[in-house]
Amino acid sequence: RETQGFYLLVSSWAIQMNSLNLVVDGSNIEQDLNRRTTLFITGLKYAHSISHLVKTVLNMHSTMSAPLTKSKVLSICRLIELLKTIEATYHRCAMLVAESMSQIVQLHAFKCLTVVNQARQRLVSEKRLPNKKLDVLASLNLMQSCLNGPGTKSRLLVSSLAFGVAQGVPRIFTNDEHVSLFENMKKVEAAAELRKRLRWACDCSFLYWHRYLIGPYFNEIFENPTEANRVRHMFAALRDGSGPPFAALHEESPDVLAEAYEKEVEGLLRNHIISPLGKNIEEDLRLSTHAHLKLDDRNPFKVGLRDLSPFLRVKPIRFFNGHVDIRAEVTHYLDQTFYNLTTVALHGWKTYGEMRDLAAQKYGLSMLEVHLPSQTLEQGLDVLEIMRNINVFVSRFLYNLNNQVFVERSSNNKHLNTINIRHVANSIRTHGTGIMNTTVNFTYQYLKKRFFIFSQFLFDEHIKAKLIKEI
């Protein structure tokens with residue numbers, strides 16, 4: 001309930017901040033400056049309240065060792081996002097704030113001077129002043145001197161001390177004057193130290209000690225793709241967590257802890273968002289490409305299909321000294337997957353080409369071409385390889401007289417190699433006509449050896465006797 005209340009308040013405040021004009025309204029300058037003062041200080045108050053609430057809840061649960069429910073974790077993360085939203089709003093309106101700050105300080109300092117001058121005139125009009133009132137008069141003169149200059153830290157400090165001295169004596173200020181002076185002094189201090197107070201209020205370095213919040217938060221974001229842009233605010237908060245490691249004294253170099261923190265956060269993002277996102281997009285592309293097979297029901301009215309494109313529209317997020325680009329990471333994953341699967345089964349090149357085109361149309365991903373052959377140019381066995389191992393060729397291949405083709409006798413694969421005139425012609429085109437003389441020479445030498453062995457075999461007495469009988 002508190003989270004929802006703060007969400008509405010901060011949203012309304014941010015809209016009002018963005019609606020302010022850069023130039024002050026000349027027709028009613030004081031009213032416009034008062035409105036700007038209220039807006040600037042209101043944002044600061046919201047930031048302080050949210051920061052105090054988050055730190056209190058986390059520290060209380062940590063001290064009491066009480067577990068946080070998922071709903072509480074998500075509410076805390078939402079409040080952290082609101083902190084960074086406030087900071088981002090001030091940053092977006094930096095020109096407006098810078099233009100208005102000096103005018104706001106001057107306006108409220110003038111109001112303070114008016115009250116101080118009225119009290120001073122009353123004191124001066126008295127005929128006899130006791131010592132206490134003389135001290136008050138001196139303090140009022142000091143306040144005038146300090147408030148007549150720029151709103152520096154030392155001037156504001158001296159003004160606060162002088163105001164404290166003046167308050168010590170009763171009936172120096174009326175009730176209305178006291179309230180007005182007190183409020184305007186606070187506004188001058190807030191306006192002069194706005195940047196410093198904002199940085200302190202929106203500091204989320206405590207997240208370094210509560211990293212267990214990140215995993216459930218990333219899971220929730222992945223389950224709700226429409227809220228993907230919220231990741232930017234969380235990474236802005238996580239970037240503040242780089243401060244505590246540099247204060248460590250037990251390591252020789254604080255960079256060790258900072259690098260470990262950076263790797264841990266990036267690992268959580270990869271495990272909870274990037275990897276599941278890549279797999280889901282790949283599955284969606286695969287099912288869409290094979291829709292004609294009717295693998296399952298993809299009717300969006302019956303099956304809760306999620307639109308994952310908001311993740312791909314998230315701009316690169318700065319984190320430490322680098323950037324986290326979800327779109328580039330998913331594109332690289334799909335490129336790598338499609339390439340590896342195409343090399344394993346070249347016959348699927350067309351399917352992965354269609355998936356690549358679908359990814360460009362549906363998700364706007366600019367994927368790389370795999371530059372693998374879209375078909376296989378099978379030339380069969382090379383004639384030179386056959387000549388180098390002609391004895392193996394003769395033992396493993398048979399000749400089909402009808403089709404004029406050599407066929408492999410047997411094979412451990414699911415297919416048999418064949419060699420015909422086309423394969424010989426391909427080899428001649430590849431190596432040139434010079435291989436013909438080499439091929440004829442190899443064949444002649446091989447046949448010469450075989451016929452010599454055959455002739456020796458015929459002189460054997462057993463073979464010779466059987467041949468004579470047949471004659």
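**Close-up 1. Cysteine pairing in the predicted model.** With a disulfide defined as a pair of cysteine sulfur atoms within 2.5 Å, the count comes to 0 disulfides. Cys202 is in no disulfide, its nearest cysteine sulfur being that of Cys204, 7.2 Å away. Cys204 is likewise in no disulfide, and the nearest cysteine sulfur to it is that of Cys202. Cys202 has 0% relative accessibility and counts as buried (buried, under 20% relative accessible area; exposed, over 50%; partly exposed, in between; 1.4 Å probe, protein chains only). Cys204 is also buried, at 0%. This is a predicted model, in which local features need pLDDT of at least 70 and side-chain atom pairs count only at pLDDT 80 or more, while totals for chains, interfaces and linings use all residues. Residues are numbered from 1 along each chain as its sequence is written, and side-chain values use heavy atoms, leaving out hydrogens and water.

**Close-up 2. A nonpolar surface patch.** Leu447, Phe451, Phe454, Phe457, Leu458 and Leu467 make a nonpolar patch of about 580 Å² (patch residues have over 30% relative accessible area and no salt bridge, with nonpolar side chains joined within 5 Å and like charges within 9 Å; a salt bridge is a side-chain nitrogen of Lys or Arg within 4 Å of a carboxyl oxygen of Asp or Glu; areas are from the Shrake-Rupley method with a 1.4 Å probe). Helix 18 (residues 435–458) gives the most, with 5 residues (helices are DSSP runs of H or I, at least four residues; strands of E, at least two; numbered from the N terminus). Leu467 lies in helix 19 (residues 461–470) and is partly exposed at 38%.

**Close-up 3. Confidence by element.** The protein chain has a mean of 81, and 90% of its residues reach 70 or more.

Technical notes:
pLDDT = per-residue confidence, 0-100.
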